[in-house]
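Here's a quick briefing for anyone meeting this structure for the first time. Have a look at the sequence and the model, then read on.

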Amino acid sequence: MGSHAARKDPFTVARGKLCKGEAGKTGDWRSSRPEIDLTKCIPSKSGKSACFLCWQYCPEGVVKKSIPVEIDMEFCKGCGICAEECPAKAITMVDEHKSE
Ligand code: SF4
Ligand code: SF4
């Protein structure tokens with residue numbers, strides 16, 4: 001009784017909520033990170049709200065559905081799914097520890 005109160009379960013709400021907080025921050029163990037080429041990214045280059053597959057597929061909910069698309073690197077785990085799913089090949093996984 002009362003189990004389905006109007007309160008939203010914090011673990012099922014929109015992407016981006018679950019991992020936000022100190023505990024969800026990525027430590028220094030990440031081996032690679034995504035870099036977006038905004039000249040290839042469909043919404044970023046067209047200025048139109050389109051694609052956002054990286055936002056849709058990111059298991060950590062750390063991609064911002066914005067123009068240009070942004071990734072919160074404090075929370076990104078470097079899994080590479082966004083790069084795999086990007087139809088424009090706009091995301092490249094780069095070595096985290098390689099100096100720029
Ligand atoms: S999946 Fe690729 S093209 Fe689509 S929004 Fe993300 S970075 Fe841009
Ligand atoms: S590398 Fe993984 S965690 Fe990071 S933005 Fe891409 S899909 Fe999300």
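For burial, the cut-offs are 20 or more other C-beta atoms within 10 Å for buried, 12 or fewer for exposed, and partly exposed in between, with C-beta atoms placed from the backbone. This is a predicted model, where local features need pLDDT of at least 70 and side-chain atom pairs count only at pLDDT 80 or more, while totals for chains, interfaces and linings use all residues. Residues are numbered from 1 along each chain as its sequence is written, and chains are lettered from A and ligands numbered from 1 in the order in which they are written.

- K89 sits in the loop between helix 3 (81-85) and strand 4 (91-95), and its phi is near 50°, a positive value in a residue other than glycine.
- F52 also has a positive phi, of about 55°, and is not a glycine.
- You'll find F52 in the loop between helix 1 and helix 2; it counts as partly exposed because it has 17 C-beta neighbours inside 10 Å.
- The peptide bond from I67 to P68 is cis, with omega near 0°, and P68 lies in the loop between strand 2 (63-64) and strand 3 (70-71).
- As background, most residues other than glycine have a negative phi, and most peptide bonds are trans.

**Overall layout**
- There are 3 helices and 4 strands in the protein, counted as DSSP runs numbered from the N terminus (helices are H or I, at least four residues; strands are E, at least two).
- Along the sequence they come in the pattern β-α-α-β-β-α-β.
- Of the 100 residues in the protein, 18% are buried.
- Take the contacts between residues at least 6 apart in sequence: 65% of them join residues at least 24 apart. A contact here means C-beta atoms, placed from the backbone, within 7 Å.

**Around the ligands**
- Ligand 1 has 14 residues around it, and the closest are C41, C51, C54, C86 and A88. To be near a molecule, a residue needs its C-beta atom, placed from the backbone, within 6 Å of it.
- Helix 1 (42-46) and helix 2 (53-57) are the elements that give two or more residues to that shell.
- The shell of ligand 1 splits into 13 nonpolar, no polar and 1 charged. Nonpolar covers Ala, Val, Leu, Ile, Met, Phe, Trp, Tyr, Cys and Pro; charged covers Asp, Glu, Lys and Arg; the others, Gly among them, are polar.
- Ligand 2 is surrounded by 13 residues, with C58, C76, C79, I81 and C82 the closest.

**The core**
- The largest nonpolar core has 13 residues, and I36, C54, C58, V63, C82 and I91 have the most contacts inside it. Such a core is a set of buried Ala, Val, Leu, Ile, Met, Phe, Trp, Tyr and Cys residues joined through C-beta atoms within 7 Å.
- Beyond four places in sequence, I36 is in contact with C41, V69, I71, A90 and I91.

- The average pLDDT is 84, and 75% of the residues score at least 70; pLDDT is the predictor's confidence in each residue, from 0 to 100.
- Over residues 9-14, pLDDT stays under 50, and the model has 3 contacts beyond four places in sequence for them.
- Where pLDDT is low, the predicted coordinates should not be read in detail.

How values were computed
Two residues are in contact if their C-beta atoms, placed from the backbone, lie within 7 Å.
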